[in-house]
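Please consult the sequence and structure shown here alongside the text.

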Amino acid sequence: DWSHLDEGDLENALIAGLLPIKAPETGGWVFASDQTTYSKDNSPVFNSFQAIYNADLVALSTAQRMETALVGESLADVTPALVYGLLDTIMRDFLRLKLLVTDPAAGAPRGYKNALVTFTGPAVVVSAEIRLDGAVYFIPIKFEVTQQ
């Protein structure tokens, strides 16, 4: 007999590779874990449903916006500066929406770095490393208790 109220049942379901839901004290329903069953490497994206969704959203939205702005335009008018500017505008929108996060220490103060625009025939290839934002999952607290 399964019960979402039984922590043992939730843990057993997770160990079995299932993704159970539970009822938090605040009401509603939430997934008991954000982890996928992907186990090829330590990828922070492929191991998290949230990260997969956000990465897909950023990639697909960027592709759609780039295509809308550039496909059909003359190569004489589509300069690298124009493409870099468009990419920066799109990435700033994702920062505002909290899909990306600034990471100045890693060289990504605008949520992305290593942007590269390459013109190959009639194609404009755009690549960049993005810094996905995410939600806080855990708040481990460690106290060292001493006595005077």
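In which elements of the protein is confidence lowest and highest? The model is a predicted one, and its confidence is lowest in strand β2 (residues 30-31), with a mean of 78. Confidence is highest in helix α3 (residues 80-96), where the mean is 97.

**Confidence**
- Across the protein, the mean pLDDT is 87, and 93% of the residues reach 70 or more.

**Largest pocket**
- The largest pocket holds about 440 Å³ of space.
- Its lining comprises 21 residues, of which M66, E67, L70, V124 and V126 are the closest to the centre of the pocket.
- Two or more lining residues come from each of α2 (49-70), α3 and β4 (123-130).
- Strand β4 provides the largest share of the lining, with seven residues.
- By class, 15 of the lining residues are nonpolar, three are polar and three are charged.

**Helix packing**
- Helices α2 and α3 pack with their axes 11 Å apart and at an angle of about 140°.
- Because of that angle, α2 is oblique to α3.
- The crossing of α2 and α3 is right-handed.

Notes:
Residues are numbered from 1 along each chain as its sequence is written. This is a predicted model: local features need pLDDT of at least 70, side-chain atom pairs count only at pLDDT 80 or more; totals for chains, interfaces and linings use all residues. Side-chain values use heavy atoms; hydrogens and water are left out. pLDDT is the predictor's confidence in each residue, from 0 to 100. Helices (H or I, at least four residues) and strands (E, at least two) are DSSP runs, numbered from the N terminus. On a 1 Å grid over the protein atoms alone, a cavity is a set of points where a 1.4 Å probe fits but cannot get out, and a pocket is an open set with protein on both sides within 12 Å along at least five of seven lines; lining residues have an atom within 4 Å of a point. Grid points are joined across faces, edges and corners, and a volume is the space filled by probe spheres set on the points. Ala, Val, Leu, Ile, Met, Phe, Trp, Tyr, Cys and Pro count as nonpolar, Asp, Glu, Lys and Arg as charged, and the others, Gly among them, as polar. Axes are lines fitted to C-alpha atoms, for helices over the stretch in contact, and angles run from 0 to 180 degrees between N-to-C directions. Angles under 35 degrees count as roughly parallel, over 145 as roughly antiparallel, 65 to 115 as roughly perpendicular and the rest as oblique. A crossing is left-handed if the near helix is turned anticlockwise from the far one by less than a right angle, and right-handed if clockwise.
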